Amino acid sequence: MTMVVATNEEELETVVLRFVEWLNRYGETSFDHQSFFASDLGRSAKALYYRKPLLGTLAVAPMIFSEAFVPSARRLFWKPQRFPIADAHFAMGFAFLSQVLNQKRFYQRAVHFLEVLKETRSPGYDNYCWGYPFNWETRNGTIREGTPLITTVPYAYEAFLLVHQIDGDNKWLEVMRSIAEHALLNYHDVVTSANASSCAYKPDPNDPCGVINASAYRAFLLTRAGVDFSDERYHRTAERNLSFVIESQNADGSWYYSTDGERDFVDHFHTCFVLKALAKIEGLTGNPLCTEAIERGVDYYVRNLFDDEGLPKPFSRRPRLTVYRRELYDYAECINLATLLKGRFLPLDDILARVMNLHGWQKRDGSFRSRQLLFGWDNTPMHRWAQAQLFRSLCFNLHHNAHAPLRSN
């Protein structure tokens with residue numbers, strides 16, 4: 001059974017607190033979107049699919065079938081794990097919640113997740129950084145467990161920043177400076193124009209550049225760090241990555257996932273990633289090029305990434321066969337982006353009011369469904385995909401509406 005989620009502040013607070021109670025019972029590890037492919041066998045099947053699609057389709061068929069019809073079968077393929085990107089989102093969510101409800105226990109929970117992040121940093125690097133806790137098979141090969149990812153690291157920076165804004169403890173600043181140094185020094189750039197450079201996804205001199213949200217993440221993190229530490233090195237690199245993102249925007253206002261000529265799909269949550277990075281940079285710098293890109297991007301977003309019911313859809317045009325209709329991650333990032341831009345775009349405000357309903361998504365136990373499949377639901381709670389992201393977005397929305405002193409960055 002499911003509960004209907006209403007949208008006034010008191011009811012939203014109830015939704016969030018029900019989730020917190022569930023999290024307390026469930027624990028901080030979970031299965032994941034990639035659990036079907038995290039084992040050596042699963043990775044081999046996926047690698048074969050990338051090399052030889054026809055033969056590989058047979059190899060991945062059991063995983064795809066399970067994902068579509070028996071999502072709870074993840075437990076047969078891999079194990080529950082802790083995800084740093086989820087821990088960072090939980091830390092931010094509890095930081096916001098502590099300000100909204102003025103309860104020390106939520107601040108303490110945020111600190112707990114920061115301490116966990118300190119303990120689970122990627123080994124072998126001078127500075128603080130994080131990646132995924134499993135071997136991730138991609139079209140470009142295997143990204144090994146613990147390899148730092150520029151799409152994960154900025155969330156940890158934000159988490160430490162938010163708690164520092166609450167308690168002023170300089171030990172968090174030390175971690176933030178370390179994260180910023182990692183982001184500056186460990187990801188190579190490829191020059192794409194006189195003013196722009198695309199950054200790598202991971203710290204590998206051979207890693208191909210061109211993933212647009214990767215450069216957007218780095219541009220935001222280094223812009224934020226440049227402000228926090230008055231360091232022009234951060235600003236200079238951030239400006240080139242930002243220029244790449246802006247120059248990569250299509251004429252219709254969209255962004256492809258990558259400029260590599262192959263991954264030219266436009267999906268929901270990656271579009272949100274790019275737009276929210278631009279919005280945060282705009283808030284810090286007032287850059288008019290950000291403003292123009294945001295306006296064009298939001299126009300595309302509201303016209304192409306919602307279905308006939310006005311609810312988030314995964315792709316503007318599906319690039320492949322998918323086994324789901326709607327994605328919790330899309331809801332989480334839609335709420336995040338629309339809250340960040342609240343009051344600027346009437347169509348986006350209307351969407352926010354509709355999406356915040358979350359009808360059917362929260363279960364009686366307080367957790368959220370992960371996907372609406374073609375038939376039925378995927379009810380497997382996955383912290384990275386996207387229990388933590390939705391929790392953070394709902395807490396951010398509560399905080400934004402309460403006009404508390406602490407602000408999102």
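Which residues of H12 are buried? I started there, taking buried as under 20% relative accessible area, exposed as over 50% and partly exposed as in between, with a 1.4 Å probe and protein chains only.

**Ground rules.** I'm looking at a predicted model, where local features need pLDDT of at least 70, side-chain atom pairs count only at pLDDT 80 or more, and totals for chains, interfaces and linings use all residues. Residues are numbered from 1 along each chain as its sequence is written, and side-chain values use heavy atoms, with hydrogens and water left out.

**Helix H12.** My list of its buried residues reads Leu328, Tyr329, Asp330, Tyr331, Ala332, Glu333, Cys334, Ile335, Asn336, Leu337, Ala338 and Thr339. That makes 12 of the 13 residues buried, so H12 is largely enclosed by the rest of the structure. Helices here are DSSP runs of H or I with at least four residues, strands are runs of E with at least two, and both are numbered from the N terminus. I checked the span too: H12 (residues 328-340) reaches 18 Å from its first C-alpha to its last, close to the expected 18 Å. The expected span is 1.5 Å times one less than the number of residues. I then looked up what the buried residues pack against, and found helices H6 (153-167), H10 (268-285), H11 (288-304), H13 (346-355) and H14 (383-402), plus strand S5 (324-327). Contact means heavy atoms within 4.5 Å.

**Salt bridges.** My rule is a side-chain nitrogen of Lys or Arg within 4 Å of a carboxyl oxygen of Asp or Glu. The count comes to 26 salt bridges. I noted three of them.

- Glu28 and Arg109 meet at 3.5 Å, N to O. Glu28 sits in the loop between helix H1 (9-26) and H2, and Arg109 in helix H5 (residues 104-119), so the pair ties together parts 81 residues apart in sequence. Both Glu28 and Arg109 are buried.
- Arg74 and Asp378 meet at 3.0 Å, N to O. This pair links distant parts of the chain, with Arg74 in the loop between helix H3 (53-69) and helix H4 (84-101) and Asp378 in strand S7, 304 residues apart. Arg74 counts as buried because its relative accessibility is 0%, and Asp378 is buried at 0% as well.
- Glu181 and Arg233 meet at 2.4 Å, N to O. Glu181 is in helix H7 (residues 170-185) and Arg233 in helix H9, 52 residues apart. Glu181 is buried at 15% relative accessibility, whereas Arg233 is partly exposed at 30%. I also saw that salt bridges with shared partners join Glu28, Arg82, Asp87 and Arg109 into one network.

**Lys46.** Lys46 lies in helix H2 (residues 40-51). Beyond neighbours within four places in sequence, I found Lys46 in contact with Gln34, Phe37, Val60, Trp136 and Glu137.

**Thr237.** I placed Thr237 in helix H9 (residues 232-247), and it counts as buried at 18% relative accessibility. Leaving out residues up to four places away in sequence, Thr237 touches Leu184, Asp189, Arg218 and Leu222.

**Phe375.** Last stop was the loop between strands S6 (371-373) and S7 (377-378), where Phe375 is found. Phe375 counts as exposed because its relative accessibility is 65%.
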